[in-house]
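Here are my notes on the model you sent over. Have the structure open while you read, and go through the points in order.

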Amino acid sequence: MSDLKALLENIETLRDFSLERVLNEDHFSHTVTLLGTIPFPLHSVRSQAILRVERTELSGSVAQKLPDILQSVKLIESNDIYSWLLAWIKKHDDVPDVKLNVICPATEVHIRKYSKQSVIIVRETPELYERVVLPFIRAFPPSRTKWVEDILSGVSEGDKILYEDVSPTSGFVLLPDMKWDLTNVSTLYLVALTHTHTIRSLRDLRGEHLPMLKSIRGEATRVVKERWSLEEGGLRFYVHYQPSYYHFHVHIVNANYVGIPSMAVGQAHLLEDIISLIELSPPGSPSLLAQMTLTYGLGEQHGLFEGMKSAQEELGVW
């Protein structure tokens, strides 16, 4: 998508974004997600796009610049020793106002994923996994993970890779997640993508994968300490279930970065707990991760929603 990259480097492309509707507003994460179109001049068409606008975090270094970048203020109220105001900041290269994430061309699957939706709690037994979830995973189109393959093959984001183990069975690449602004260590967010294609989710993990999981933990800890001076214990490692895509990966964030949606109970499983469950699994048998019932929230727009809801009602799992 070199054409898209060149287009997005031109601010006029974003100024020509034509809004169709607001998909979601999240006041907790200070984001708004928009659906619209942007022009593709080379193809003489407009392409559907999702634009996620996120207020950027303010780092401690802003304090030194505050006298220079503060443009105006408006007092809201004052009571005794407490006062609160609205403030406007001047344009400053070191203090961007927002971070933009663009998905283009956006498919119906992307639109459903980023739309506001109600969530139900489901209990996925091993039987429901085999009956409902596994067929869904097997039907997952390869196009949805092409961006992962591009990273692993060196086609994309090669300059962002922080560490790589090239082993096809136990190797992985470590790089910043697209959700991080690459500036504020307080919101540090990395991802480890495995080279193997045999692990689709945490249910596929076995004893043979322990060295890889421990290596991800160890190398990420080392790299972050060397680059950003976070000591051991300063990182939170977790794996999603259900994941957004079925190529095994580990989320790695600053341990003090809490409350983000991706850490929801039931969705985020701590890597340490996963390692412990594998180590406790009886030798020669499926891991406890494969045998246990997993409980998690499932949005009404998720591809598994109808199948899981119907199966649970039929089997009386609820």
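**Notes on the model**

1. Let's start with asparagine 254. Leaving aside neighbours within four places in sequence, asparagine 254 is in contact with Val185, Ser186, Leu188, Leu230, Gly234 and Leu235. Bear in mind that this is a predicted model. Asparagine 254 sits in strand E12, and it counts as buried because its relative accessibility is 5%, where the cut-off for buried is under 20%. Take a look at tyrosine 189 too: it is 65 residues away from asparagine 254 in sequence, yet the two C-alpha atoms are 6.8 Å apart in space.

2. Nonpolar side chains tend to be buried together in soluble globular proteins. Here the largest nonpolar core has 59 residues, and those touching the most other members are Leu193, Leu205, Leu213, Val250, Ile252 and Met308. Helix H7 (residues 210-228) makes the largest contribution to this core, with 7 residues. There is also another core, lying apart from it, with 10 residues that include Ile38, Leu51, Val53 and Cys104.

3. Which residues is it in contact with, leaving aside neighbours within four places in sequence? The list runs Leu190, Val191, Ala192, Ile216, Phe237, Tyr238, Val239 and Leu271.

4. Buried residues of H7 are Leu210, Met212, Leu213, Ile216, Ala220, Thr221, Val223 and Val224. As for spacing, residues three or four places apart in an α-helix point the same way, because there are 3.6 residues a turn. What do the buried residues of H7 pack against? They meet strands E8 (163-165), E9 (172-176), E10 (189-194), E11 (235-240) and E12 (249-254), plus helix H8 (271-280).

5. Most residues other than glycine have a negative phi, and most peptide bonds are trans. Serine 229, which follows H7, has a positive phi near 65°. This serine is in the loop between H7 and E11 and counts as exposed because its relative accessibility is 56%, with the cut-off for exposed at over 50%. Leucine 182 also has a positive phi, about 65°, although it is not a glycine. You'll find leucine 182 in the loop between E9 and E10, partly exposed with a relative accessible area of 46%.

6. Two cis peptide bonds are worth a look as well. One joins cysteine 104 and proline 105, with omega about 0°; proline 105 is in the loop between strand E6 (98-103) and helix H4 (108-114). Another runs from tyrosine 241 to glutamine 242, with omega near -5°, and glutamine 242 lies in the loop between E11 and E12.

7. Finally, the surface. Leu66, Leu70, Val73, Leu75, Leu85 and Ile89 make up a nonpolar patch there, and together they have about 490 Å² of accessible area. Strands E4 (70-79) and E5 (82-89) each supply at least two of the patch residues, and E4 gives the most, with 3. Isoleucine 89 lies in E5 and counts as partly exposed because its relative accessibility is 33%.

Key:
Residues are numbered from 1 along each chain as its sequence is written. This is a predicted model: local features need pLDDT of at least 70, side-chain atom pairs count only at pLDDT 80 or more; totals for chains, interfaces and linings use all residues. Side-chain values use heavy atoms; hydrogens and water are left out. Patches are made of residues with over 30% relative accessible area and no salt bridge: like charges are joined within 9 Å, nonpolar side chains (Val, Leu, Ile, Met, Phe, Trp, Tyr) within 5 Å. Accessible areas come from the Shrake-Rupley method with a 1.4 Å probe; for residues, only the protein chains shown count as cover. A salt bridge is a side-chain nitrogen of Lys or Arg within 4 Å of a carboxyl oxygen of Asp or Glu. Helices (H or I, at least four residues) and strands (E, at least two) are DSSP runs, numbered from the N terminus. Buried means under 20% relative accessible area, exposed over 50%, partly exposed in between (1.4 Å probe, protein chains only). A nonpolar core is a set of buried Ala, Val, Leu, Ile, Met, Phe, Trp, Tyr and Cys residues joined through side-chain atoms within 4.5 Å. Contact means heavy atoms within 4.5 Å.
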